[in-house]
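Work through these exercises on charged side chains. Each task is followed by its solution.

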Amino acid sequence: MIKIGDDEQYKCRLAEALGADHVFCDDTDPMHLYRIGLAYLLGVDMEIDRRKGMELITAAAERGVPNAMDRLFNMYYYGSGVARDCHKAAYWAERLVKFFLETEGLEHVHTLSCMNNLSAAYGALGKNDASLQVQKQVYPITCKLLGE
């Protein structure tokens with residue numbers, strides 16, 4: 001007797017029959033979690049399930065996928081598909097800034113863009129001093145890289 005959850009060949013055949021081989025969530029690959037989360041969130045080849053989508057995108061973000069962190073920042077900052085929550089937006093912006101500082105350095109457009117998002121989140125929270133401090137870092141480097 002074949003156990004549905006245990007037989008990889010069965011999963012592959014079922015996926016081919018359904019035309020949705022991406023339905024089987026590979027939780028060992030954080031980028032895959034992000035993509036499946038987007039599929040649930042946007043209803044790509046499956047029913048929209050915002051809860052499941054957010055769960056998977058958050059799991060990917062927690063495992064360091066910058067696209068997932070950026071998606072969560074934007075969703076929470078703008079209230080897109082979720083209740084607006086600038087505390088969560090600032091959290092994900094902080095994580096994203098840290099990621100890009102470690103991987104790209106301070107003088108990279110991704111880092112500067114994320115720092116600008118962080119400044120906006122701080123401003124929305126009324127943390128004007130923190131927002132200004134971030135902008136004081138961003139502005140001269142942006143001018144250097146892109147001109148006034």
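**Exercise 1.** Which residues are linked with Arg51 in a network of salt bridges?

*Solution.* Start with the criterion: a salt bridge puts a side-chain nitrogen of Lys or Arg within 4 Å of a carboxyl oxygen of Asp or Glu. Arg51, Lys52 and Glu55 form such a network. Within it, Lys52 and Glu55 pair at 3.6 Å, N to O. Both sit in helix α3 (residues 50–62), 3 residues apart, about one turn of the helix. Helices here are DSSP runs (H or I, at least four residues), numbered from the N terminus.

The model is predicted: local features need pLDDT of at least 70, side-chain atom pairs count only at pLDDT 80 or more, and totals for chains, interfaces and linings use all residues. Residues are numbered from 1 along each chain as its sequence is written, and side-chain values use heavy atoms, without hydrogens and water.

**Exercise 2.** Classify the accessibility of Lys52 and Glu55.

*Solution.* Apply the cut-offs: buried is under 20% relative accessible area, exposed over 50%, partly exposed in between (1.4 Å probe, protein chains only). Lys52, at 23%, is partly exposed. Glu55, at 41%, is partly exposed.

**Exercise 3.** Locate the salt bridge of Lys144 and Glu107.

*Solution.* The N to O distance is 2.9 Å. Lys144 lies in helix α7 (residues 128–146) and Glu107 in the loop between α5 and α6 (109–124), so the pair ties together parts 37 residues apart in sequence. Lys144 is exposed at 58%; Glu107 is partly exposed at 42%.

How values were computed: Helices (H or I, at least four residues) and strands (E, at least two) are DSSP runs, numbered from the N terminus.
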